[in-house]
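The following exercises are to be worked with the sequence and the model at hand. Each task is followed by a solution in steps.

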Amino acid sequence: MTDKKCPVLTTADGAPIGEQQAMTAGPRGPVLMQDVQLLEQMQHFNRERIPERVVHAKGSAAYGTFTVTSDITEYSKASIFGKVGKKTECFLRFSTVAGERGAADAERDVRGFAMKFYTEDGNWDLVGNNTPVFFIRDPFKFANFIHTQKRDPKTNVRDMDMQWDFWSLCPESLHQVTILFSDRGIPASYRHINGYGSHTYSLINEAGERVWCKFHFKTNQGIENIMDEEAASMIGSDRETHQRDLFESIERGEFPSWRVCVQIMTESQADSFAWNPFDLTKVWPHADYPLIEVGQLELNRNPENYHAEVEQAAFNPSALVPGISSSPDKMLQARLMSYADTHLYRVGVNYRELPVNKPRCPVMNYERDGSMATAENYQGQANYWPNSRENTPQTDTKFNDPAWSLGETIVDRFDSTVDHDDYTQVGNLYALFDDAHRDRLTTRIAGLLGQARQEVQMRQLCHFFRADEDYGKRIADKLGIDTDAVLGTTAAV
Ligand code: NDP
């Protein structure tokens, strides 16, 4: 029975449902296979969970606004840093690191501080923590380290021996271990922590000049922590303290905010820095590299649906935009691959199509299909590159990062089509063929090439001529194309 004001219950395919009682042969059953409404409900229920994040499984998030308060365009051309007063929508997810999805919020742990900025030039994700450093500097240790934070394979409980065994064998962890066991190891709430990009990134300005950069988010609520006894009693009565605090404070209109700052290091300063400036276990001392204010980040809107927006949110350090780029930091380099990869597994190949992850600017590329592609799927547009079709997306070198110099080695996107002889060996092979073989070869090619556009035929004929004039001439004849016209084209290309 439905109240007339309520919408009618439907199946997932949209058909109205008359009654939600199992369809049975007689009042005592059995249930019939043809009760497809019941089957649909049970099947969907069995698939309600997606794999939880291996790390940072328990989290809370909100939408907000980043507002520029001072101009850093001398360092970065990123559109998000534009003019003072410019606003960009963002999404920030806080989390604990080690616990599973049901873990208590008030545990001693590092806190994740993952941000997605929906900029005009694409999504920029800054996937940080509430600490400026991390336990390790070599990505080979990452999966191993996380294992030590999870459960013992036999007892299925967290094990102090494996944690301290690992740390005692990895002295680079001492900085982060000290922060973890300091008073900041159990924050009073997510609103009362700082955030740090932690890795070194690079900023690139309009002139193509690069500086190294670290990002800092200083809480305007002040740092507040809780002591171990208080945390234990909190967890005893409420496991969701930080989720509740964040959600309720935003509902009340008490919007938490952070002062956003950068530290800047020039490439020549990096050469003489006392530590490796790309080592994730080290900070850049404030006295030498002072914080430069950039803006304010305010959280002001709760998600409407936790699963759709928070559980399926996907943050990747590889989501970079023109003006903000990576650095030689080994841990960052590994995360550039592994974060996107985990979402491909956890959410699916088209995870970027979900509203929380979807860029607010147009997306144009040649990635196609896969599970859960939307109906648009670029419609009939070309799905390969390079192409000579009309109105297809093409690259623009103005968006290239400047080259990196690593001593004598230059890191750049080298053009793989120049300085190569792609014709001589083809001509040598053609010279081996007898006349009948040449005839068969050119007949096969002409038969298929003749089905391409005239423009494509002419471009391809030029390549055959460059390899061997006879090769090109035979195909041109079979296509009915005037050889002189092609040779004219060859000279022009
Ligand atoms: P500064 O005196 O300029 O800065 C000290 C920093 O320590 C402040 O940012 C302060 O944060 C932070 N701090 C205080 N207590 C804790 C804690 N329990 N856990 C983590 N951070 C804390 O000195 P330096 O820049 O030379 O840095 C000295 C040490 O401070 C570093 O080795 C590092 O451990 C820590 N630190 C340094 C940061 C940096 O980027 N330079 C950033 C954060 C920590 P707040 O301002 O919020 O009180």
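A residue counts as buried under 20% relative accessible area, as exposed over 50%, and as partly exposed in between (1.4 Å probe, protein chains only). The model is predicted: local features need pLDDT of at least 70 and side-chain atom pairs pLDDT 80 or more, whereas totals for chains, interfaces and linings use all residues. Residues are numbered from 1 along each chain as its sequence is written, and side-chain values use heavy atoms, with hydrogens and water left out.

**Exercise 1. Backbone geometry**

Task: State which phi value asparagine 377 has, and where the residue lies.

Solution. 
- Step 1. Asparagine 377 has a phi near 45 degrees, which is positive although the residue is not a glycine.
- Step 2. Most residues other than glycine have a negative phi, and most peptide bonds are trans.
- Step 3. Asparagine 377 is in the loop between H9 and S11; helices (H or I, at least four residues) and strands (E, at least two) are DSSP runs, numbered from the N terminus.
- Step 4. With 26% relative accessibility, asparagine 377 is partly exposed.
- Step 5. Glutamine 379, likewise not a glycine, has a positive phi of about 45 degrees. Glutamine 379 is placed in the loop between H9 and S11 and is exposed, at 68%.

Task: Identify the residues joined by a cis peptide bond with omega about 5 degrees, and those for which omega is near 10 degrees.

Solution. 
- Step 1. Omega is about 5 degrees for the cis bond between glycine 29 and proline 30. Proline 30 belongs to the segment before helix H1 (36–46).
- Step 2. Omega is near 10 degrees for the cis bond from tryptophan 385 to proline 386. Proline 386 falls in the loop between helix H9 (330–346) and strand S11 (404–406).

**Exercise 2. Surroundings of the ligand**

Solution. 
- Step 3. A ligand nitrogen is 3.0 Å from a polar backbone atom of tryptophan 284.
- Step 4. The ligand taken alone exposes 780 Å², of which the protein buries 58%. Accessible areas come from the Shrake-Rupley method with a 1.4 Å probe; for residues, only the protein chains shown count as cover.

**Exercise 3. Salt bridges**

Task: Explain which parts of the chain the pair arginine 151 and glutamate 100 ties together.

Solution. 
- Step 1. A salt bridge is a side-chain nitrogen of Lys or Arg within 4 Å of a carboxyl oxygen of Asp or Glu. The whole structure holds 26 of them.
- Step 2. Arginine 151 and glutamate 100 form one, at 2.7 Å from N to O. Arginine 151 is in the loop between helix H2 (142–149) and helix H3 (160–169), and glutamate 100 in the loop between strand S2 (87–96) and strand S3 (111–119), so the pair joins parts 51 residues apart in sequence.

Task: Determine how helices H11 and H13 are linked.

Solution. 
- Step 1. Arginine 474 pairs with aspartate 435, with 2.6 Å between the closest N and O atoms. Arginine 474 is in helix H13 (residues 469–479) and aspartate 435 in helix H11 (residues 435–449), 39 residues apart.
- Step 2. Arginine 474 is buried at 17%, whereas aspartate 435 is exposed at 53%.
- Step 3. Aspartate 439 and lysine 478 meet in a salt bridge of 2.7 Å. Aspartate 439 lies in H11 and lysine 478 in H13, so this pair also ties together parts 39 residues apart.
- Step 4. Asp435, Arg438, Asp470 and Arg474 are linked in a salt-bridge network.

Notes. A polar contact is a pair of N or O atoms within 3.5 Å; within protein, one must be able to donate a hydrogen and the other to accept it, and residues adjacent in sequence count only if both atoms are side-chain atoms.
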